[in-house]
Amino acid sequence: MEPKLVLALFLLISATAASEYIRPSTRKNLDFSRPSKSSSHPQQVHISLAGDKHMRVSWVTDDKSAASTVEYGTSPGRYSNIALGESTGYSYLFYSSGKIHHTVIGPLEDNTVYYYRCGGGGPEYKLKTPPAQFPVTFAVAGDLGQTGWTQSTLDHIDQCKYDVHLLPGDLSYADYMQHLWDTFGELVEPLASARPWMVTQGNHERESIPFLKDGFEPYNSRWKMPFEESGSSSNLYYSFEVAGAHIIMLGSYTGYDEYSNQYNWLEADLAKVDRNKTPWLLVLFHVPWYNSNEAHQNEGDRMMEAMEPLLYAASVDIVLAGHVHAYERTERVNNGKLDPCGAVHITIGDGGNREGLAHKYKNPQPAWSVFREASFGHGELKLANSTHAFWSWHRNDDDERVRSDQVWITSLVNSECVAEKKHGLRKILMGP
């Protein structure tokens, strides 16, 4: 080999060594062999926020006559309150779901541990409500699936002290095999029954069959979010508030142009945001708008074209997405360019899915892209106060919880951006 060629290769390797990482191999889907339980035994228990000081408890029973009741209180085994909810179910080709229960409990005290029991029997569960004030911490992981890497991600999340889990789409990877929704519910129950899980849909939740099944029926039946509480007409997009954060969950796979219901709802929701009460404004959806990975290029362009002006005018602080099976963080950006008044975009579709990682990135790296890596992991977002948040990404490095990327983010709430753009948002909402 020529000396010049050797030198060139050495320089290339040296330049990229800092960002290269030898990734562990993929892992198989988990085996869910479980002992049989009584038909009334609550399964797949998970909780979600359901308006101010309320929580929705969701679970499944094989017994179609089981009651949709939740008993709860602040002491183990002593339930001072009981709530009655609703139930649903669905059939999908040759599959019939169990009875799916959704029961709202509350009002609940902030930052308080509650003990609860579903359906009048079965085991006791324990949940903790989020705090009313800063600091508040979110665990973030998208594109979970049900593999060994999924279990690793969940184990690492369980080690962090978080208040709410945010999931930007692609939950079970059931993909028409409905029993995988049941096994996913079992897999996440230890975490999802203890802290609220707030989710939005991804492409793997569509599961539509032309002329037979509309999209998202299994997802909507099992994972009911507070869309009605936030004035939305669809479970595919909604908003909620935690401590000092207003969080908007959007749908990448439902209408989003200026004539759509989602667009009109988003306009109205942004108009209601009070940055004095909720200085942090976060948005989640599945398909990223800023993506330098070769996977899923340009898939979010039309949604971005329609909705980014609204988010920019509202001074959204952080946008979280999934879909691309890798991690990437941007600078503040808008309209494809660096902009101090734009949002920080984070792609975190690396929860452990069975399809594997998206290894190839486009080069040169765009100016707006700060950090990118194809590894499984999760993120943690701690809103320390009204102005500062700490974001960290934790790689699942051979089962060790490794912090691989971190940054302090300053809210736009007290910046000139908010004052300058209030007029712009008002103009967009009111029209010419």
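Visitor: Is C160 buried or exposed?
Guide: C160 is buried, with a relative accessible area of 7%. Buried means under 20% relative accessible area, exposed over 50% and partly exposed in between, using a 1.4 Å probe and protein chains only. Before going on: this is a predicted model, where local features need pLDDT of at least 70, side-chain atom pairs count only at pLDDT 80 or more, and totals for chains, interfaces and linings use all residues. Residues are numbered from 1 along each chain as its sequence is written, and side-chain values use heavy atoms, with hydrogens and water left out.

Visitor: And C118, buried or exposed?
Guide: C118 is buried too, at a relative accessible area of 1%.

Visitor: How many disulfides are there?
Guide: The structure holds 1 disulfide, a disulfide being a pair of cysteine sulfur atoms within 2.5 Å. C341 and C417 form it, with their sulfur atoms 2.0 Å apart. The angle about the S-S bond is -75 degrees, and the link is left-handed.

Visitor: What does that link tie together?
Guide: C341 lies in the loop between β19 (337–338) and β20 (343–348), and C417 in helix α7 (residues 416–430), so the pair joins parts that are 76 residues apart in sequence. The element names come from DSSP runs, helices being H or I with at least four residues and strands E with at least two, numbered from the N terminus.

Visitor: Are those two cysteines buried or exposed?
Guide: C341 counts as buried at 12% relative accessibility, and C417 is buried at 7%.

Visitor: New topic. Why is strand β16 called largely enclosed?
Guide: Because 5 of the 5 residues of β16 (residues 280–284) are buried. W280, L282 and L284 cover one side, L281 and V283 the other. In a regular strand the side chains alternate between the two faces of the sheet.

Visitor: Which strands does β16 pair with?
Guide: β15 (residues 245–249) pairs with β16 in the parallel sense over 5 bridges, and I248 has V283 as its bridge partner in β16. β16 also pairs in the parallel sense with β17 (residues 318–321), over 3 bridges. Two strands pair if DSSP finds at least two bridges between them. In β17, L282 has I318 as its bridge partner, and V283 stands opposite V319.

Visitor: What about the crossovers, which hand?
Guide: β15, helix α5 (residues 261–272) and β16 make a right-handed β-α-β unit. Another right-handed unit is made by β16, helix α6 (residues 301–313) and β17. Right-handed means that, with the strands pointing away from the viewer, the path from the first strand over the helix to the second runs clockwise.

Visitor: What does β17 pair with in β20?
Guide: β17 and β20 pair in the parallel sense over 4 bridges, with V344 in β20 as the bridge partner of I318. Both faces of β17 are covered: I318 and L320 are buried on one side, V319 and A321 on the other.

Visitor: Last one, F371. Where does it sit, and what is it in contact with?
Guide: F371 is in strand β21 (residues 369–373). Leaving aside neighbours within four places in sequence, the contacts of F371 (heavy atoms within 4.5 Å) include Y327, R329, W393 and D405. The C-alpha atoms of F371 and R329 are separated by 5.3 Å, although the two residues are 42 apart along the chain.
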